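Open the model in your viewer and keep the selection tool at hand. This tour goes stop by stop.

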Amino acid sequence: MQTSEYPVHNFYAGPGKLPTSVLARIGKELHNYRSTGMSVVEISHRAKPIVDLIERTQQKFKELLGLAAGDEVLFLQGGGSMQFIMLAMNLSEKGDSVDYVDTGYWSKKAIGAALELERDVHIAGVSETGIPKHLSIRENAKYLHLCSNNTVMGTQWFQFPETDVPLVADMSSDILSRSIQANDFGLIYAHAQKTIGTSGVTAVIIPEKAREQLLPVTPSFLSYASHIEAASNYHTPPVFSIYVVECMLDWLRDEIGGVENMEKINQEKAEKLYAFIDQSSLFDCPVVKEDRSMMNVVFNLSDEGLTDKLLNRADANGMIGIKGHRSKGGLRVSLYNPVTVEDVEALIQFLTDFENAS
Ligand SMILES: Cc1ncc(COP(=O)(O)O)c(C=O)c1O
């Protein structure tokens, strides 16, 4: 592992890199939050500075996603995994028909939660090397769940299904990395630690039109309605994580220039890396071209025996976090919003040198 004397290029799959300017802001503000004379981590969640922080961050989220005033953005704890459970509980009852697209690792976890809750689960489509092109969606399904970016498999939805069944999306690894029509969804959830912040907080977006579908849920802690009613202050919220999200949203708006610009930068990073992999005789990407993720580039070495050698050398050269997910092996490079074009160029240079030397 490099020390901070050397440049480190952070490609961790999450929690991952934060922009240098965001880290500098957090450092600068840590001892004195908005002239309160206190740190943001020392202030009661019922006090005005924190109530305002939550409200402002919700508002910025809505602006960046193009949501309307009546739509809800909740900041909850429990990560993406808690949402696998909460969404099923709030949108369906035991025995109800619920449809899921199985695109591998994380979508399977969501399916597992619905099965544990004894929903009548139907798999509307399956693919682990791409995105299924034909779905069989039941008319009476309470919702259709999909994972918009498959962090482990390296696949991403570029066109979402058109259906009258409410669409529920796990956007944990691509929220605000590209433009979407948020209003086309019945519900969106995304933990913060990949594209918009650090771990501890998960955003749940509930468009106004979806409010009436919410069922009364007990325990009430697991009810979206409770958290809407309490404006994400039903219990002590993850104040610091929400604060980091606000810093990230400011960065996205003011330094990047909004989500469309972010998408262009993300496209450029991914195109560069895939172009390098495709021309290489040592590296190979197993994902069908049209479904390749802009966020997580999954690839292998044609000579698998070289993987460990490459990973050791990567670590020694400051190329951090490129080991494939433990369920898949190989390599995975995560190109979340804060990763720069320069990070990607440095990685390509490193991989080129490795290939030339092998
Ligand atoms: C797409 C996706 N959904 C859900 C999860 C699980 O999230 P958490 O670890 O916050 O529970 C992950 C974790 O990486 C993920 O990539």
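**Before you start**

This is a predicted model: local features need pLDDT of at least 70, side-chain atom pairs count only at pLDDT 80 or more, and totals for chains, interfaces and linings use all residues. Residues are numbered from 1 along each chain as its sequence is written. Helices (H or I, at least four residues) and strands (E, at least two) are DSSP runs, numbered from the N terminus.

**Stop 1: the ligand**

Select the ligand and its shell. A residue counts as near a molecule if its C-beta atom, placed from the backbone, lies within 6 Å of it. The surrounding residues are Gly14, Gly79, Gly80, Ser81, Trp106, Cys147, Thr151, Asp170, Ser172, Ser173 and His191. Which helix gives the largest share of this shell? Helix α3 (residues 79–91) does, with three residues. By class, two shell residues are nonpolar, eight polar and one charged. Here Ala, Val, Leu, Ile, Met, Phe, Trp, Tyr, Cys and Pro count as nonpolar, Asp, Glu, Lys and Arg as charged, and the others, Gly among them, as polar.

**Stop 2**

α3 lies across β2, β3 (97–102), β8 (167–170), β9 (187–191) and β10. Its direction is at about 160° to β9. Contact means C-beta atoms, placed from the backbone, within 7 Å. Axes are lines fitted to C-alpha atoms, for helices over the stretch in contact, and angles run from 0 to 180 degrees between N-to-C directions.

Seven strands form an open sheet, ordered β2-β10-β9-β8-β5-β3-β4, with mixed pairing. β2 (72–76) and β4 (120–126) are the edge strands, each pairing on one side only. From one strand to the next, the twist averages 20°. Two strands pair if DSSP finds at least two bridges between them.

Zoom in on β10 (residues 202–206). Five bridges join β10 to β2, and the two run antiparallel. Val73 has Ile205 as its bridge partner, and Glu72 has Ile206. On the other pairing, four bridges join β9 to β10, again antiparallel. There Tyr189 stands opposite Val204.

Is β10 buried or exposed? Five of its five residues are buried, so β10 is largely enclosed by the rest of the structure. Buried means 20 or more other C-beta atoms within 10 Å of a residue's own, with C-beta atoms placed from the backbone. Thr202, Val204 and Ile206 point one way, and Ala203 and Ile205 the other.

**Stop 3: the three-stranded sheet**

Select β11, β12 and β14. They form an open antiparallel sheet in the order β11-β12-β14. Its edge strands are β11 (283–284) and β14 (331–334). Two bridges link β11 and β12 (residues 296–301). Phe283 is partnered by Leu301. Helix α7 (residues 259–279) lies across β11, β12 and β14, at about 15° to β12.

**Stop 4: helix α6**

Select residues 239–256, helix α6. Its 18 residues reach 25 Å from first C-alpha to last, close to the 26 Å expected at 1.5 Å a residue. That expected span is 1.5 Å times one less than the number of residues. Its buried residues include Val239, Ile242, Tyr243 and Leu252. Among the elements covering them are α1 (20–29), α2 (48–65), β2 and α7.

Key: Two residues are in contact if their C-beta atoms, placed from the backbone, lie within 7 Å. A residue is buried if 20 or more other C-beta atoms lie within 10 Å of its own, exposed if 12 or fewer, and partly exposed in between; C-beta atoms are placed from the backbone.
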